Amino acid sequence: MRVNCVGAIIFDGSERMLLIRRGRPPSEGLWSIPGGRVEPGESDAEAVAREVLEETGLTVTAGRLAGTVDRPGPGGLVYEIRDYLAEVSGGTLSAGDDAAEARWFSDEELRRLPLAPGLLEALTGWAVIAPRSGSSATT
């Protein structure tokens with residue numbers, strides 16, 4: 001069974017990316033971009049806005065699709081995750097819902113974090129962040 005999910009790739013004016021530390025499975029305790037399941041009847045853009053607001057307190061507008069990944073879930077589930085670039089239009093940053101923490105990170109800081117599996121490879125593969133020169137990307 002496939003589960004439709006979305007994620008939001010958000011940068012601030014200082015080129016820092018917004019990440020959340022997941023408070024629940026999957027990837028509990030690891031850093032990832034905000035996102036989650038698309039609810040019945042919701043568009044991807046609506047799901048991006050809802051998930052970001054729930055997890056970070058920020059209001060966003062979804063932009064272009066950055067890329068899509070499939071991630072395994074429990075019991076044979078497959079999470080089909082469509083990650084969109086998004087822009088903040090309001091709100092105050094505050095972790096909520098299943099996010100234990102929400103913070104902005106520079107490219108260098110992001111690379112030192114314990115990230116959700118495959119996140120760094122996806123972001124560099126989609127040219128959202130530059131690959132590290134002289135080394136391979138790892139999580």
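Among contacts in the protein between residues at least 6 apart in sequence, 63% join residues at least 24 apart; contact means heavy atoms within 4.5 Å. The model is predicted: local features need pLDDT of at least 70, side-chain atom pairs count only at pLDDT 80 or more, and totals for chains, interfaces and linings use all residues. Residues are numbered from 1 along each chain as its sequence is written, and side-chain values use heavy atoms, with hydrogens and water left out.

Start with the overall dimensions. The protein has 139 residues and a radius of gyration of 14 Å, which agrees with the value near 14 Å for a compact globule of that length. That radius is taken over C-alpha atoms, and the globule rule is 2.2 Å times the number of residues to the power 0.38. Along the principal axes, the C-alpha atoms fill a box of roughly 45 × 35 × 25 Å. Of the 139 residues, 42% count as buried. Buried means under 20% relative accessible area, exposed over 50%, and partly exposed in between (1.4 Å probe, protein chains only).

Next, the elements. The protein holds three helices and seven strands. From the N terminus on, they run β-β-β-β-α-β-β-β-α-α. Helices (H or I, at least four residues) and strands (E, at least two) are DSSP runs, numbered from the N terminus.

Now the four-stranded sheet. It is open, has the order E4-E1-E6-E5, and its pairing is mixed. Two strands pair if DSSP finds at least two bridges between them. Strands E4 (35-37) and E5 (58-72) stand at the edges, each with a single partner strand, so one side of each is left without a neighbour in the sheet. Neighbouring strands of this sheet are turned by 20° against each other on average, direction ignored. Axes here are lines fitted to C-alpha atoms, for helices over the stretch in contact, and angles run from 0 to 180 degrees between N-to-C directions. Strand E1 (residues 2-10) runs antiparallel to E4, and three bridges join the two. Helix H1 (residues 44-56) lies across E1, E4, E5 and strand E6 (78-91), and runs at about 100° to E5.

Turn to the other sheet. Three strands form an open sheet in the order E3-E2-E7, with antiparallel pairing. Its edge strands are E3 (31-32) and E7 (99-105), each pairing on one side only. Six bridges join E2 (residues 17-22) to E7. Arg 21 stands opposite Glu 101 in E7.

Finish at Leu 119, which is found in H3. Leu 119 is buried, with a relative accessible area of 8%. Leu 119 and Trp 31 are 88 residues apart in sequence, yet 9.1 Å apart in space, C-alpha to C-alpha.
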